[in-house]
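This briefing covers a two-chain model.

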Number of protein chains: 2
Amino acid sequence: MLKMVVDTMGGDNGSKVVVTAIKNFLKKNNDVEIIAVGKKQELQELEGICEIIDAPDVVPMTAGALDVLRMKNSSMMIALNLIKQGRGDGIVSCGSTGGFLASSTIILKMIPGVKRAAIVTAFPLQKRHNYLTLLDCGANLENSSEELVQFAWMGRLYSQIVVGVSEPNVYLLSNGGEDEKGLSTIKVANKMLRESKFPNFVGNIEAREAILDPNVDVLVANGFDGNVFLKTIEGTAKYMSGLIKKAFKHNLSSKIGYVFAKKGFDELKNSLDYKAVGGALLLGVNGAVVKAHGNSDERSFESALRVLKKLIETNVVDKIKEGISHNE
Amino acid sequence: MLKMVVDTMGGDNGSKVVVTAIKNFLKKNNDVEIIAVGKKQELQELEGICEIIDAPDVVPMTAGALDVLRMKNSSMMIALNLIKQGRGDGIVSCGSTGGFLASSTIILKMIPGVKRAAIVTAFPLQKRHNYLTLLDCGANLENSSEELVQFAWMGRLYSQIVVGVSEPNVYLLSNGGEDEKGLSTIKVANKMLRESKFPNFVGNIEAREAILDPNVDVLVANGFDGNVFLKTIEGTAKYMSGLIKKAFKHNLSSKIGYVFAKKGFDELKNSLDYKAVGGALLLGVNGAVVKAHGNSDERSFESALRVLKKLIETNVVDKIKEGISHNE
């Protein structure tokens, strides 16, 4: 029986959406047990449905590593300690990203040999396998060449195991496609990947092509750049959605047009619904850790629970352990 | 009489689009003289219309600094030397960006006191003044805090003079809005801007908000990050345009919808036409230098000519000289 620990607190929309997501998830997944950690007075709807562990404190959104570690009675710390004690196979939280990253790394430690954890996200684009796997999305700022090479390994494994791409094409995000283009850490990482004949390492790629080229399965970047890439996509997509709405409201004729075109555009809207992806994984930490969006609603938190279940079922963490030790 | 030097060679679409752009531009701007530099056999249509200077060589797209400097008979080098000799007030090229950057910097030198030149682009977004000024878009890779502060000054001046914003709101691109978030160079630049009470320096901003917040007039970034930001917007916009087309083709009903909604969507298409912006400026170099897109068509190259004309008319380079020496 799979056991998942949920930190129910700290999200922008409160514990209520998490509670609803848990209820909906358990209805469809009777092979999973959940331990819900949080202020028990907010978790009453879960009584009889799953185990509840009380936690009076909540890690604030702006918390850093030291802040979290001091908050021993926070839902986040209590939940992570449950994993450490072996009482759960994986954990999900929608609380402070910085705090969760730091505390996961410190409490669960890194997989032996992994230098830095990366936040990995797979988002839907018209790729040959429907998703682009991107890491690091922001666990780090700048990364060394060795860390970028490890990210390439983790991204490849994630793409194979979770997205289901048997031989993912892997690229480094740079300011051009030539091997000699980019930050020195990227150029050296490129060289290392080529010299070690990394399977299906294609080369450097510019951001524009990374989005448009359907053959890009895995994109490896410094945490800061991966974060800029991801947030820029989000901002542009939202901006253009606004323009589309405006275009349909342009005049009476456009409004009529909307009625006819509605179905096609609902599909467009769904295909861009990044919230449906659910969560990002913290890969490299010695445990299955999913970070749900801070502003998750019921649907996206439920997706995050599904992502965690898949992570646990496919044994990604052990496979990374094998993969990393194999390539040291 | 304003004099503009045009390097006609090296663009993806050949000299023909440049020739057409020059002809169209001169018809509408009889207060401008142009010196067209390139293979004279390709510039025959310009005879009698503007001065032609023959240049047998073309700088290839992948050229670096040393390559260009060795190519003394290239249109790029000949054109830059005309500026150096005082025979023109400004220059535009759509050839190798790396080559043009390097050769402009070496031949024209920097404005005294400016540490690094930046590629500045103003692109149309729903901002309070219709444009977002972004620098550096890729002249550099990583920049020091001092360089970021100088970019803030150059971006402010550009926004005031060329875009027409009297008091531009200036931001630093980071991975969050807090002053303490981001690369150390960004954090230090933030501190320097606050301590010097830089006019209307608002703070750090995440990429998503940089696009969506209408109050963002100037965005300052490291060259590498600015390039990722810009190319990601381009890729996402193109991607979504493809989705919009697909949505309209979804079924017969959608196709009918397109007929009704066409006018509104043509406007959307135009508002995103970044090629209409024409060119990016190399600010910080001691001369008015515009880099047109490598894949410019006639319309976008003509826009680049207009941008150069405005740069010269508004005396941006001298104003930066004053501004920089004033704030050293």
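In chain A, where is the place of Asp136(A)? Asp136(A) sits in the loop between strand E6 (131-135) and helix H5 (145-163) of chain A. The model is predicted, and the values below are computed from it.

**Cis peptide bonds**
- Leu135(A) and Asp136(A) are joined by a cis peptide bond, with omega about 5 degrees.
- In chain B, the bond from Leu135(B) to Asp136(B) is cis, and its omega is near 5 degrees.
- Asp136(B) belongs to the loop between strand E6 (131-135) and helix H5 (145-163) of chain B.
- Most peptide bonds are trans, and most residues other than glycine have a negative phi.

**Positive phi**
- Asn200(A), which is not a glycine, has a positive phi of about 60 degrees.
- The loop between helix H6 (184-195) and strand E8 (201-206) of chain A holds Asn200(A).
- Asn200(A) counts as partly exposed because its relative accessibility is 32%.
- Lys109(B), also a residue other than glycine, has a positive phi near 65 degrees.
- Lys109(B) lies in the loop between H4 and strand E5 (118-124) of chain B, and is partly exposed at 47% relative accessible area.

**Helix H1 of chain A**
- Helix H1 (residues 15-28) has 14 residues, which at 1.5 Å a residue should span 20 Å; the end C-alpha atoms are 20 Å apart, so the two agree.
- Among the buried residues of H1(A) are Val17(A), Val18(A), Val19(A), Ile22(A) and Phe25(A).
- The buried residues of H1(A) pack against strand E1 (2-7), strand E2 (32-38) and helix H10 (298-313) of chain A.

**Helix H3 of chain B**
- Eight of the 10 residues of helix H3 (residues 75-84) are buried, so the helix is largely enclosed by the rest of the structure.
- The buried residues of H3(B) include Met76(B), Met77(B), Ile78(B) and Leu80(B).
- Their packing partners in chain B include strand E3 (51-54), helix H2 (65-70) and helix H4 (97-108).
- Gly86(B) follows H3(B) and has a positive phi, near 85 degrees.

**Interface of chains A and B**
- The contact involves 53 residues of chain B and 53 residues of chain A.
- The buried area is about 4900 Å², with 71% from carbon and sulfur atoms.
- The rule finds four salt bridges across the interface; one of them pairs Glu206(B) with Lys231(A), whose closest N and O atoms are 3.8 Å apart.
- Four residue pairs are in polar contact between the chains.
- H8(B) gives the most to the side of chain B that touches chain A, with 21 residues.
- That side of chain B divides into 26 nonpolar, 16 polar and 11 charged residues.

Terms used
Residues are numbered from 1 along each chain as its sequence is written. Chains are lettered from A and ligands numbered from 1 in the order in which they are written. This is a predicted model: local features need pLDDT of at least 70, side-chain atom pairs count only at pLDDT 80 or more; totals for chains, interfaces and linings use all residues. Side-chain values use heavy atoms; hydrogens and water are left out. Helices (H or I, at least four residues) and strands (E, at least two) are DSSP runs, numbered from the N terminus. The expected span of a helix is 1.5 Å times one less than its number of residues. Buried means under 20% relative accessible area, exposed over 50%, partly exposed in between (1.4 Å probe, protein chains only). Contact means heavy atoms within 4.5 Å. Buried area is the accessible area (1.4 Å probe) that two parts lose on being put together, summed over both. A salt bridge is a side-chain nitrogen of Lys or Arg within 4 Å of a carboxyl oxygen of Asp or Glu. A polar contact is a pair of N or O atoms within 3.5 Å; within protein, one must be able to donate a hydrogen and the other to accept it, and residues adjacent in sequence count only if both atoms are side-chain atoms. Ala, Val, Leu, Ile, Met, Phe, Trp, Tyr, Cys and Pro count as nonpolar, Asp, Glu, Lys and Arg as charged, and the others, Gly among them, as polar.
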